[in-house]
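User: I would like to go through this structure term by term. Please set each value against the rule behind it.

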Amino acid sequence: MAREAVKKILKNDTWRVTLDPEQLTRSLPHIPTGSLVIDYLIGGEANSFGVAPCPGLPRGRITQLWGHESAGKTTLALTAAATVCNAGGTVLYVDWENDIVPDYAAALGVPIDDPERFELVQPDSLEDGMKIIKAYVLAGVDLVVIDSVGAAVPQAIRDRGADEAGEQQRVGLNAQRWSEFLPDIKADIAKHKNALLGISQIRQKMASGPKMGNGPSTQPQGGEAWKFYSALRLELRRIQNEMSNTVYNPLTHKKEGRVVGGIIKAKVVKCKLSKSQGREELFYIRWGEGIDDLRSVLEIACSHRIIVKQGSWFAYGEKKWQGMEQMRKYFQLNGPVFAEVVNQVR
């Protein structure tokens, strides 16, 4: 009775959603991130039907990504952008931090010279950026990256004169704008099946200290709205540097020990896509090269004894290496052999 009454009031039934049990036998629409570990963490573990619920960034939903400096936030976003573009898709990258380095983006596979696939914009204000995002979402762009939500400056602050510089403005203006915008764009994203990835920096809580208890003293920028309207929230944290003793230093004309990358811990803080909430996994980044999926595969292979590890020695079949770096270089130069390992890992 209620259904028929609403049909008469609204003069349509487009508001109704029919749940299809067959949806359980296929993954949700998604975009691979370019990291085997992150895709598995988000929703790569098979459900009772033997299907990965969402092995990647969800389409039709909002994702929030945050972490401290050098935790791999921009690297992960650019890697996902490269994956989308290489598959024939389109990306809008909103760079409010004005920090994208062209050669690094190109090294990750982003087609920086092809605006038909990858569009980089640097809006003057938060409001201008929101208008751009809205237009590209309605046009059906596959992935929208916001880097970062806290770096966007509202127009009211942008319009200040030199005599007002440094004066305190209304607290929370940035967060207020996002709280108004996100519900609106969320509906558009759901309709057009875009993926939206918002990157947040970390800031100290305004009222932190001993009286605040044992909770975290920091929080991602952008306000509470990003918590509520995101279907997926990921936190990245660099927990260790990766060293190599075989890096050539032109200043000393010697091979020396150098930091070449980082071990990153990814945590799923919120997930409405799979049973991954609260889970953590490690992945690797090589500075200047991007996400090191090769290293992740080798670590998984060692865990399952596809590659045998004894002390500092590694063995695969008749091949042996001393140290992870030597083994990594071998597989990097021998694609067919590495493909065998990947198939066994999968």
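User: What volume does the largest pocket have?

Analyst: This is a predicted model, and in it the largest pocket has a volume of about 560 Å³.

User: What makes a residue part of the lining of a pocket, and how many residues line the largest pocket?

Analyst: A lining residue has an atom within 4 Å of a point of the pocket. In the largest pocket, 17 residues form the lining, and Leu36, Val37, Tyr40, Ile300 and Val345 lie nearest its centre. They divide into 9 nonpolar, 3 polar and 5 charged residues.

User: Which elements supply at least two residues of that lining?

Analyst: Helix 2 (36-43), strand 12 (280-286) and helix 9 (293-303) each do. The largest share, 6 residues, comes from helix 9.

User: Which residues are buried in helix 9, and what do they pack against?

Analyst: In helix 9, Leu294, Arg295, Ser296, Val297, Leu298, Ala301 and Cys302 are buried. These pack against helix 2, strand 10, strand 12, strand 15 (313-316), helix 10 (324-333) and helix 11 (335-345). After helix 9 comes Arg305, with a positive phi near 60 degrees.

User: How do you know whether Glu242 is buried or exposed?

Analyst: The cut-off for buried is under 20% relative accessible area. Glu242 has 14%, and therefore Glu242 is buried. Glu242 belongs to strand 10 (residues 232-249). Leaving aside residues up to four places away in sequence, Glu242 touches Arg258, Val259, Val260, Gly261, Gly262, Ile263, Tyr284 and Arg295.

User: Where does Arg295 lie relative to the ring of Tyr284, and what distance does the rule ask for?

Analyst: For a charge over a ring, CZ of Arg must be within 6 Å of the ring centre and within 35 degrees of the ring normal. Arg295 lies over the face of Tyr284, at 4.3 Å from the ring centre.

User: How many aromatic pairs are there, and what makes the pair of Trp178 and Trp226 edge-to-face?

Analyst: The count comes to 9 aromatic pairs. Ring centres must lie within 6.5 Å, and planes over 60 degrees apart count as edge-to-face. Trp178 and Trp226 are 5.3 Å apart centre to centre, with 65 degrees between the planes, so the pair is edge-to-face. This pair links distant parts of the chain: Trp178 is in helix 7 (residues 173-192) and Trp226 in helix 8 (residues 225-229), 48 residues apart. Trp178 and Trp226 are both buried.

User: What kind of pair do Tyr330 and Phe331 form?

Analyst: Tyr330 and Phe331 form an edge-to-face pair, at 5.3 Å centre to centre and 80 degrees between the planes. Both residues are buried. Ring pairs also link Tyr330 and Phe331 with Tyr316, Trp321 and Phe338 into a cluster.

User: How many helices and strands does the protein chain have, and what share of its residues counts as buried?

Analyst: The protein chain has 11 helices and 16 strands. Of its 346 residues, 42% count as buried.

Note on methods
Residues numbered from 1 in each chain as written. Predicted model: local features only at pLDDT ≥ 70, side-chain atom pairs only at ≥ 80, totals over all residues. Heavy atoms only, no water. Helix = DSSP H or I, 4+ residues; strand = E, 2+ residues; numbered from the N terminus. Buried < 20%, exposed > 50% of the residue type's maximum accessible area, 1.4 Å probe, protein only. Contact = heavy atoms within 4.5 Å. Phe/Tyr/Trp six-rings, centres within 6.5 Å; stacked < 30°, edge-to-face > 60°. 1 Å grid on protein atoms, 1.4 Å probe; cavity = no way out; pocket = protein on both sides within 12 Å on 5 of 7 lines; lining within 4 Å. Points joined across faces, edges and corners; volume = space filled by probe spheres on them. Nonpolar A, V, L, I, M, F, W, Y, C, P; charged D, E, K, R; others polar.
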